[in-house]
Each structure stands twice: as C-alpha cells, then as structure tokens.
2 protein chains.
Amino acid sequence: MELEKEIKQAYFKSEHHKLAVNILYTAGWLTYNDSRLCRDFGLTIQQYNMLKILKTQHPVPATVNSLTEQMPDKTSNASRIVERLYAKELVSRSVSERDRRSVDVAITGKGLGILEQLEPVIDRSREELHTLSSQEARENLLGQR
Amino acid sequence: MELEKEIKQAYFKSEHHKLAVNILYTAGWLTYNDSRLCRDFGLTIQQYNMLKILKTQHPVPATVNSLTEQMPDKTSNASRIVERLYAKELVSRSVSERDRRSVDVAITGKGLGILEQLEPVIDRSREELHTLSSQEARENLLGQR
DNA sequence: TTTGGATAAATGTATATACATATATTGTAT
DNA sequence: ATACAATATATGTATATACATTTATCCAAA
C-alpha cells in the first residue's frame with residue numbers, strides 16, 4: 001500500500017502521533033469508499049448502518065433510543081435518519097404500544113432488498129481495500145510499516 | 001486497551017473486516033477527543049487543521065486552492081472554513097495581486113496565539129490516548145490484538 | 001392523586017461533508 | 001482582438017455531527 005506516501009506530513013513528533021495520523025487517514029479513505037458504494041443505492045453510510053442494525057433484529061422492531069445506542073457514532077441523530085429511511089420506505093415507524101414515548105422502527109422488505117445487494121458490495125470492498133494478507137491485516141495497520 | 005470490548009460486533013466476517021471496523025472505531029474516538037479539545041478554544045478540527053497549515057507557511061499566505069489541497073479531507077469546503085476563521089479574526093483574507101481569482105489567506109497573531117495554546121494540548125493527548133509503548137504504537141493498531 | 005423528575009423523541013442551530021452549479025478572472029487558440 | 005476553455009472561489013442543497021432545548025409521556029414519591 002502506498003497510503004503513507006499520500007500523507008503530506010514529512011515527519012512526526014512521535015510514534016503515537018504518526019499512528020494517529022495514519023489511523024485518521026485510513027479511516028477517511030475507508031469512509032470515502034463506503035460512501036461511494038452506498039451512494040449507488042441512494043443511501044448514506046449512516047443510513048446503511050441503521051438498516052444493518054434493523055436487519056439483525058428483524059422482524060423485531062427497534063426503538064429510536066436503541067438505534068442510537070447501537071449506531072457506530074453514538075451522537076448521531078437517529079430520529080432524523082429514521083425519518084429519511086421512512087421517506088424512502090425502507091423502514092416502518094409506529095408509536096410503541098407499551099410506551100407511547102417510544103417509536104418502534106422496523107426494516108421493510110424494500111429495505112431488506114437493498115441490503116441484500118449492498119452488503120456484499122461493502123464486504124467485498126473490505127477485501128479489495130489493500131493487498132495485505134489476513135495475517136498482516138490482523139497484526140498491522142495499513143501503511144504502517 | 002479495552003477499545004475492542006466497546007465494539008458491539010461479536011464476530012467479524014474476515015480479518016480485513018475486523019481491521020476496518022477497528023480503524024473506523026479508533027478514528028471516531030480520536031476525532032471525538034480532538035473535537036472536544038478544539039472546542040475549548042472555540043474551534044472545530046477542520047478550523048484547527050487549516051490554522052496549522054497556515055502556521056507552517058507563515059507569513060507567506062496560502063490561496064484557498066492550496067488550502068483545499070493540503071487539508072486532510074480534500075473535499076472539505078475551504079472557502080467556508082476560511083470565512084469562519086476570518087469572522088473570528090484568526091486569518092486575514094485578501095484578493096491576490098497576481099491573480100484576482102485567487103484569495104490570499106494568512107494566519108493572524110491572534111490565530112498564532114490560539115495555536116500556541118492548543119497544539120501542545122492536542123499533541124499531549126496523542127500520547128495519553130493509550131498505554132502502548134512507542135514500539136507497539138508503530139507496529140500495532142489500537143485494540144487490534 | 002398529584003407533582004416533579006426521568007425518559008424518549010423531535011426539533012433547532014452552527015458547522016461540516018459531498019457534490020453540483022454559478023461567477024469572475026485568466027489564458028489560449030483562432 | 002475575441003471567443004472559449006480552464007481555473008479560483010463562492011454558493012446552493014441534502015445530509016450528517018454535536019449539542020441544547022422542547023414536548024410528550026411515564027414513573028415514583030409525597
């Protein structure tokens with residue numbers, strides 16, 4: 001991988017500093033890649049993440065609160081993401097019977113259909129991201145050598 | 001490090017998949033941390049990054065274009081970030097003499113003053129982020145073991 | 001039972017990303 | 001010299017983050 005060459009910084013104040021720059025750079029690359037793949041299906045990464053959570057527990061609905069807890073980024077605003085998925089008919093939304101403050105959210109057939117196409121694409125891209133062997137992937141950070 | 005425990009995913013489809021999740025998680029943690037530190041000085045991470053670039057070449061001004069190229073995230077909208085830094089009087093902004101399409105941006109004394117306080121805080125946090133030795137930092141990804 | 005605190009979700013604001021488009025200026029080819 | 005492509009920046013839109021606040025509902029203590 002030529003990732004490290006791309007990082008403009010010529011020297012690093014410490015190994016920890018170098019590691020941080022490397023992680024942030026690699027994560028940015030992964031995120032950019034994922035967002036392009038999601039985009040082909042009219043989704044954002046966060047919408048994709050939420051759909052995956054809902055698929056895991058399908059057909060049991062999740063509350064907005066539980067979605068917030070399970071989202072990779074805890075501070076993401078789940079209710080607005082639900083709103084957008086609902087607009088695309090990828091999730092259903094209804095006030096909970098047992099607690100009328102809560103909203104039950106479930107993935108729809110349409111949502112499952114999109115995941116069925118998109119998930120393999122994302123997974124495949126994970127493998128194609130670099131040419132490290134599995135062993136190297138486990139032990140090393142991209143470009144960190 | 002107990003980072004890996006925090007990752008909700010129980011199993012991973014491959015080592016590459018696990019690596020990707022780990023990098024994204026760690027980067028999220030770093031970003032969150034940095035943003036809190038910047039916030040204490042009324043800055044965002046992107047504003048901090050731009051100020052650092054401007055400091056490097058101070059007192060030579062940078063065009064918005066060159067800032068875009070040097071920013072860690074290339075697609076960030078440099079002119080709007082310049083605008084906000086300008087509003088806080090941390091940079092100066094003037095149409096370039098030699099090319100009236102370009103805008104020369106330079107860090108002000110006030111901007112340098114903030115960096116003088118903030119940079120050591122960020123750098124120190126890099127070291128405190130985890131308890132890996134420098135050797136481990138070079139060879140391993142946080143929580144990846 | 002009523003009151004008050006806790007909780008769930010929604011909403012508001014500032015900033016940022018990602019991308020498309022607009023505007024002004026420069027340079028180049030005819 | 002003029003027209004047109006290229007360039008530099010700015011602006012517009014949808015979505016997201018980060019955080020504060022609001023609203024509705026639930027629960028528990030007086």
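This is a predicted model: local features need pLDDT of at least 70, side-chain atom pairs count only at pLDDT 80 or more; totals for chains, interfaces and linings use all residues.
In general, pairing of strands in a sheet is made through backbone hydrogen bonds.

H3(B) and H5(B) also pack against each other, with an angle of about 85 degrees and axes 10 Å apart. The two helices H3(B) and H5(B) are therefore roughly perpendicular. H3(B) contributes Gln46(B), Gln47(B), Met50(B) and Leu51(B) to the contact, and H5(B) contributes Ile81(B), Arg84(B) and Leu85(B). By class, the residues in the contact of H3(B) with H5(B) are four nonpolar, two polar and one charged.

Chain A contains seven helices and three strands. Along the sequence of chain A, the pattern reads α-α-α-β-α-α-β-β-α-α. Of the 145 residues in chain A, 28% are buried. Where contacts in chain A join residues at least 6 apart in sequence, 53% of them are between residues at least 24 apart.

The three strands of chain A form an open sheet in the order S1-S3-S2, again with antiparallel pairing. S1 and S2 of chain A are the edge strands, and each pairs on one side only. Strand S1 (residues 62-63) of chain A is joined to strand S3 (residues 103-107) of chain A by two bridges, the strands running antiparallel. In this pairing, Ala62(A) stands opposite Val105(A) of S3(A). Strand S2 (residues 91-95) of chain A runs antiparallel to S3(A) and is joined to S3(A) by five bridges. Val105(A) is also the bridge partner of Arg93(A). Two helices lie over the sheet of chain A. H3(A) lies across S1, S2 and S3 of chain A at about 90 degrees to S3(A), and H5(A) lies across S2 and S3 of chain A at about 120 degrees to S2(A).

Residues of both chains also come into contact with each other. Leu24(B) is located in helix H2 of chain B. With 21 other C-beta atoms within 10 Å, Leu24(B) is buried, because 20 or more such atoms are required for that class. Apart from neighbours within four places in sequence, Leu24(B) is in contact with Ala27(A), Leu30(A) and Pro72(A).

DNA strand D is surrounded by 28 residues, of which Thr44(A), Ser76(A), Thr63(B), Asn65(B) and Ser79(B) are the closest. Elements giving two or more residues to the surface near DNA strand D are helix H3 (45-56) and helix H5 (78-87) of chain A, and helix H2 (15-39), helix H4 (64-70) and H5 of chain B. H2(B) supplies five residues, the largest share of the surface near DNA strand D. This surface near DNA strand D comprises five nonpolar, 13 polar and 10 charged residues.

Around DNA strand C there are 28 residues, and Thr63(A), Asn65(A), Ser79(A), Thr44(B) and Ser76(B) come nearest. Two or more residues are given to the surface near DNA strand C by each of helix H2 (15-39), helix H4 (64-70) and H5 of chain A, and H3 and H5 of chain B. The largest share of the surface near DNA strand C comes from H2(A), with five residues. The surface near DNA strand C divides into five nonpolar, 13 polar and 10 charged residues.

Key:
Residues are numbered from 1 along each chain as its sequence is written. Chains are lettered from A and ligands numbered from 1 in the order in which they are written. Axes are lines fitted to C-alpha atoms, for helices over the stretch in contact, and angles run from 0 to 180 degrees between N-to-C directions. Helices (H or I, at least four residues) and strands (E, at least two) are DSSP runs, numbered from the N terminus. Angles under 35 degrees count as roughly parallel, over 145 as roughly antiparallel, 65 to 115 as roughly perpendicular and the rest as oblique. Two residues are in contact if their C-beta atoms, placed from the backbone, lie within 7 Å. Ala, Val, Leu, Ile, Met, Phe, Trp, Tyr, Cys and Pro count as nonpolar, Asp, Glu, Lys and Arg as charged, and the others, Gly among them, as polar. A residue is near a molecule or strand if its C-beta atom, placed from the backbone, lies within 6 Å of it. A residue is buried if 20 or more other C-beta atoms lie within 10 Å of its own, exposed if 12 or fewer, and partly exposed in between; C-beta atoms are placed from the backbone. Two strands pair if DSSP finds at least two bridges between them.
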